[in-house]
Structures are given as structure tokens and as C-alpha cells.
Amino acid sequence: MKHKILIAGLILASIFTSCSDDYLDAPAQSTLDESVIFSSPDLAAGAIDGIKIPFAETNSYRGRFLPFYGLNTDTEWYNSSQTVSDASDLCTYDAKANNSQMNTTNNAWAMMYSGIERANICIRGLRAYGNPTPGSELGYLLGEALTLRAIYYADLVKAWGDVPYRFEPLNNNNLYVAKTSRDEIYKQLLADLGEAATLVPWPGETTATSSVERINKAFVKGFRARLAMAASGYQQYPDGVRRSTDPQLSVANMYALALSECRSVIASGSAHLESSFETFWKKYNQEYLVAGGESLWELPFSEGRGRMLFTFAVRHTTNDQFHANGANRGGTAGPLPIVFYDYDQADTRRDVTCVPYKYGTAVNNIAKQELGALNTWYFGKYRYEWMTRFVTSTNDDGVNKIYMRYAEVLLIAAEAANELEGPSAAAPYLKEIRQRAFPTAVHATKVDAYVNALTSKTAMFNALVEENKFEFTGEMERKQALIRWNLLKTKLDEAKVKMTNLSQRSGEYATVPTTLYYKYKTDNVSLDIYGLNRGETTNPGADYTSFAWTWTGAAADTKISTLYKAGANPDNRQFWPIWQVFIDGSNGKLVNDYGY
């Protein structure tokens with residue numbers, strides 16, 4: 001599947017010539033060509049696959065957007081935040097328009113608009129020549145094209161705020177356009193996804209929707225709910241941080257839409273939580289692509305593209321028994337050190353999400369786990385050691401990006417239900433999340449008693465903010481959530497205080513042990529660690545080796561202070577600037593107007 005997507009798209013790439021820099025000098029695309037392509041399900045399917053090509057281009061999602069967007073938050077950070085560089089500036093709320101990582105004509109901004117242009121051409125062609133009705137193959141392809149365009153636009157708005165509104169193919173009259181209020185873009189996306197939901201089947205209902213690499217109704221509805229929550233949430237506008245003043249995007253309207261869409265997905269039974277958190281993430285790393293489970297849609301990469309493990313996995317120092325992806329793969333970012341200690345000790349998500357070790361230098365191709373420092377953790381959701389395919393590419397790993405999973409549907413439902421109907425309406429959804437997170441033996445206290453005690457809207461909302469942290473750390477969804485809750489700077493400042501307390505073993509972290517003890521398990525690769533949990537302070541025996549569990553490397557206050565750059569205010573730097581190369585090429589239409 002992964003190879004076929006790119007090959008099929010490339011075969012029909014010629015229909016996208018209007019995206020090229022010299023399109024004004026090219027002859028107009030033949031109407032006959034489009035009439036042939038978009039009236040044939042097979043040819044149209046290849047064109048739709050072409051919409052996905054920009055996801056995997058070198059400086060697009062693959063190598064620039066996914067590795068940097070979403071860092072830093074109160075749960076995740078760039079592990080080199082303290083090092084002054086254009087890469088760290090992208091994460092520490094100090095990116096400049098001439099950022100060397102981003103300021104190129106082939107970067108994510110350009111690739112997203114390339115994908116949008118491809119989608120616009122397909123949507124125009126299908127509407128004109130395909131008779132795309134519900135239940136038909138061409139109807140499904142129109143729903144897929146509408147959704148793929150919405151994905152590109154949702155990510156543009158998430159990263160840059162107000163952006164140019166382009167919902168028709170390029171022509172002489174619309175080559176240069178100014179930014180449009182994101183409110184108008186959100187309304188168009190919500191309408192498009194509403195239409196798409198009538199055109200695409202539920203997961204597993206057809207061959208097309210049998211894979212998480214293809215669009216299905218559960219994803220479309222869940223994605224629409226996510227966008228409704230974002231559209232009505234707080235965010236930075238040119239005149240300050242506020243909610244939208246458009247009555248169509250009011251909290252009442254958008255939360256009702258989100259709740260309706262989530263309940264539709266839940267009632268359909270077309271998706272479900274995996275039996276255990278660890279099982280889900282193991283299946284993800286094993287590249288299990290069957291739709292109808294927890295993953296609703298994944299951004300598809302071929303085996304030779306994509307950098308999810310390359311960037312975010314538990315670090316591997318050299319090639320070893322688990323991969324041949326190159327030296328120092330993984331570990332670019334990780335959980336904040338406090339996250340492990342903020343989890344309930346019984347929460348099974350903790351040890352999957354937060355990993356305190358890396359794999360050292362391989363000897364005879366075998367690497368062992370090695371403890372690091374208190375201030376350097378890795379995302380355990382991404383592990384070469386859980387893969388079934390052995391990665392040999394030197395630049396990519398080919399593992400997909402999970403764009404949305406069913407757990408988010410449940411938590412959006414809980415949040416919207418709490419706001420509209422009260423905490424008792426939210427409780428069942430939160431309980432379902434926590435039932436999976438905790439062993440059955442403690443459900444009475446950790447699930448039922450915990451949730452039942454949340455008797456006010458405020459208490460339930462605060463619990464959901466925390467639950468989102470425990471469920472999604474390492475998936476880089478937290479930043480947009482904090483923005484829409486108007487909690488970005490508040491939570492970052494709280495995290496700074498908490499990290500200082502952890503480094504000093506004070507406050508809520510006073511009982512975190514200062515010494516770890518370890519030995520190797522029978523495989524002589526995996527660590528058996530004692531001392532990570534509060535209260536584990538007694539030497540477990542002579543067969544264990546002690547290890548000082550301290551904040552090392554850069555001075556503690558330096559590392560902590562660079563969660564966001566000194567002098568920066570994250571609430572005033574919620575978005576990246578439009579890169580200078582695109583401003584210079586906009587014929588004066590584009591500006592950065594958030595005060596930077």
C-alpha cells in the first residue's frame with residue numbers, strides 16, 4: 001500500500017502542472033483531459049493519491065513540520081532547547097522569518113499549498129465530470145479529496161494562524177492573494193467535512209476504508225469535531241488572544257457540533273480503544289494498518305520516507321540489533337522530566353510514554369539499554385525495538401504519523417458534554433479512557449471513585465486537561481489544546497516551577513529518589529530498574545548497581561528557563577512567522593502581523 005500511493009500519484013502528476021512556478025507560461029490544462037480522468041474511478045483514484053505526495057517531500061511534513069511543530073509544551077520539549085540554534089528557536093517561541101530550517105521555497109508552507117492545489121484540481125474535476133454521489137466510487141474519492149485538503153488547511157492554520165484562502169485552482173486572477181481570517185477557513189473546512197462524511201463509508205465497510213491510510217467516516221467526523229473545538233477556542237489574532245467573534249463559531253454551536261460528531265462515531269461501533277495502551281503502541285510500531293480499531297487515520301509514508309522514529313523514538317546510539325537507520329537515531333525530543341512523576345504510579349500509560357534510557361554503542365552489533373539523566377527522557381511510544389520490519393534507510397524509517405485516534409474522540413466528547421450538559425454527561429467517556437489506563441484491580445478507586453468525585457464543570461474540565469496530558473504526551477497534540485484552552489503560558493510557567501522543584505527534590509517532588517539501582521535482565525540487553533518510583537530508596541541488593549539520579553549537563557536553571565526563550569511570551573508567539581521567502585514572493589500581499 002505504501003509504495004502504491006506514491007507511484008500511482010506520480011503516474012498522474014502531469015495533471016497538476018498548474019502548481020509549477022512557470023504555470024502562467026504553460027498552455028491551459030485540457031478540459032478533455034480532466035473529463036477523462038475524473039469520470040474514471042481508477043484514473044481519479046491515482047489523482048487523489050497524488051494529493052498525498054507533498055506530505056512526504058523532503059522539507060515538508062517529513063523533515064520539517066512533524067519534527068518541530070508542537071514543541072515545547074508542559075509535557076514535551078525539544079531535548080536541545082538550551083542550545084541556541086534555528087532548530088531550537090522553532091520550539092522555544094522565538095522563530096524568525098528567516099529561520100534557516102524553514103526559509104526555503106520547498107518547505108512545509110509551500111508543500112501544504114501544493115497539496116491544496118492538487119486537491120482543488122481533483123475536487124473541481126470530480127464535481128464537473130464524476131457525478132460523485134454517496135455510495136459511488138467517485139463519491140468516495142470526492143470525500144477523500146475534501147478531507148485531504150482539510151488536513152493541509154488545518155495544519156496551516158494551526159501553525160500560522162491566518163493564511164491565504166485558496167479553495168479554487170490557481171489562475172491568472174488569484175495567483176497573489178492576501179491572508180484571510182482563519183474563521184472563514186474554519187467554516188469552509190467544517191462544511192467540507194460535513195459533505196465528506198456523507199460520501200465516505202465507515203472503517204472496514206469497503207475495500208478503500210479497510211486501511212488506516214485511507215479516509216473513512218469515523219475519521220472525518222472525529223476530525224470535524226477537533227476542528228470545531230479549535231475554531232471556537234482561544235487563539236492569537238492580530239488584535240490579541242481571544243475566541244472568535246463569529247457567531248457561527250460560538251462555543252455553543254461548535255461544542256454541539258463536536259459532541260454530535262463524536263457521539264455518532266461512538267454509536268457506530270466502527271472504532272474502539274485497543275485492549276491495552278502498550279498493545280496499541282506495539283501494533284503501531286509493527287505498522288498494523290487495518291482500520292476499525294483505535295487509529296482513525298495515519299499520514300502514509302512509504303518505507304523510504306518519513307521520520308517518526310528517526311526523530312522521536314527512544315534513542316539508539318549506533319546501528320544495532322534493532323535497526324540500521326544510522327547513528328543517534330531518535331531522541332530529538334522527549335517528555336518533560338516531570339511527566340513521569342505526574343502520572344499515577346498505577347497508570348499503565350506511564351512506562352509506555354516515558355523512557356529513562358537509551359541504547360548504547362553496539363558491541364558485535366548488540367546494544368544494551370543505558371540510563372541517562374533525570375532531565376533527559378525519551379518517548380516510548382516510538383520504538384525501533386517494537387518494529388517487525390528492520391529499517392535500513394539512512395535517512396528515513398517509513399513509519400506513519402498517527403493523525404487521530406479514537407481516544408481523542410472520547411476526550412472531545414467528554415469536554416463538550418461537560419460544557420453543554422454537565423460533568424455527569426462527561427463521566428462515561430472519561431471512565432472509558434481510564435478503564436483502559438488502569439489495571440482492573442484498581443478500577444474502583446482510580447476510575448469510578450475518581451470520576452464520580454468530579455461533580456462540577458470546573459473540576460471535570462481540569463481533570464480532562466490532565467487526562468489529555470497522560471493520554472497524548474509524545475503525539476504533539478498538546479500545544480493546540482493548550483492554546484484553545486487559553487492555558488499555553490500558564491501551563492508552561494507551571495512546568496518551569498515544577499521542573500525546578502524536581503531538580504531540587506522539593507515540593508511535590510521531594511520524595512523522588514536521588515539514586516537508581518539497575519541490573520540487566522536475562523537477555524543482557526534490558527534494564528531492570530529500581531528507584532524510579534517514589535519511596536523506592538532501599539538498596540535492592542548486591543546484584544544491582546547504583547546510579548546517581550540527578551539533573552546533569554546544562555545548569556538546571558538554564559535548561560528549565562529555555563522551555564520558552566527568555567524575553568518571549570508564548571501567548572504572543574503562538575504561531576510561526578510566515579517565512580521570508582514566501583513574503584518576498586507574494587507581490588506584497590503577505591505580512592507577519594502578530595507583532596513579529
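## Strands β6 and β12

In this predicted model, strand β6, which covers residues 295-299, pairs with strand β12, residues 401-405, in the antiparallel sense over 4 bridges. Within that pairing, L299 has K401 of β12 as its bridge partner. Strand β6 is largely enclosed by the rest of the structure, because 5 of its 5 residues are buried.

## The sheet β14-β13-β15

An open sheet is built from 3 strands in the order β14-β13-β15, and the pairing in this sheet is antiparallel. Its edges are formed by β14 (527-530) and β15 (545-548), each of which pairs on one side only. From one strand to the next, the twist averages 35 degrees.

Strand β13, made of residues 515-520, is joined to β15 over 4 bridges, again in the antiparallel sense.

## Nonpolar cores

The largest nonpolar core contains 135 residues, and those with the most contacts inside it are W109, I151, W160, F223 and W576. The element that gives the most to this core is helix α7 (residues 137-160), which supplies 16 residues. Apart from this core lies another one of 41 residues, including Y359, L371, A495 and V525. In soluble globular proteins, nonpolar side chains tend to be buried together.

The surroundings of W109 can be described in more detail: leaving aside neighbours within four places in sequence, W109 is in contact with L156, W160, V163 and P164, and also with I578, W579, F582 and L590.

## K158 in helix α7

Helix α7 also holds K158. With a relative accessibility of 10%, K158 counts as buried, because the cut-off for that class is under 20%. When neighbours within four places in sequence are set aside, the residues in contact with K158 are F65, Y69, Q480 and F575.

## Packing of helices α9 and α10

Helix α9 (residues 217-232) packs against helix α10 (residues 251-268) at an angle of about 160 degrees, and the two axes are 8 Å apart. That angle makes α9 roughly antiparallel to α10, since angles over 145 degrees are counted in this way. The crossing of α9 and α10 is left-handed.

On the α9 side, the residues that meet α10 are A218, K221, G222, R224, A225, A228, M229, A231 and S232. The residues of α10 that they meet are V251, M254, Y255, L257, A258, E261, C262, S264 and V265.

## Backbone features in loops and end segments

Most residues other than glycine have a negative phi, and most peptide bonds are trans. Against this background, the peptide bond from L71 to N72 is cis, with omega near -5 degrees. N72 lies in the loop that runs between α4 (61-68) and β1 (76-78).

Positive phi values in residues other than glycine are found at N131, where phi is near 45 degrees, and at N587, where phi is near 60 degrees. N131 is placed in the loop between α6 (108-129) and α7, whereas N587 lies in the segment after α22 (580-584). N131 counts as exposed at 58% relative accessibility, and N587 likewise counts as exposed, at 56%.

How values were computed. Residues are numbered from 1 along each chain as its sequence is written. This is a predicted model: local features need pLDDT of at least 70, side-chain atom pairs count only at pLDDT 80 or more; totals for chains, interfaces and linings use all residues. Side-chain values use heavy atoms; hydrogens and water are left out. A nonpolar core is a set of buried Ala, Val, Leu, Ile, Met, Phe, Trp, Tyr and Cys residues joined through side-chain atoms within 4.5 Å. Buried means under 20% relative accessible area, exposed over 50%, partly exposed in between (1.4 Å probe, protein chains only). Helices (H or I, at least four residues) and strands (E, at least two) are DSSP runs, numbered from the N terminus. Contact means heavy atoms within 4.5 Å. Two strands pair if DSSP finds at least two bridges between them. Axes are lines fitted to C-alpha atoms, for helices over the stretch in contact, and angles run from 0 to 180 degrees between N-to-C directions. Angles under 35 degrees count as roughly parallel, over 145 as roughly antiparallel, 65 to 115 as roughly perpendicular and the rest as oblique. A crossing is left-handed if the near helix is turned anticlockwise from the far one by less than a right angle, and right-handed if clockwise.
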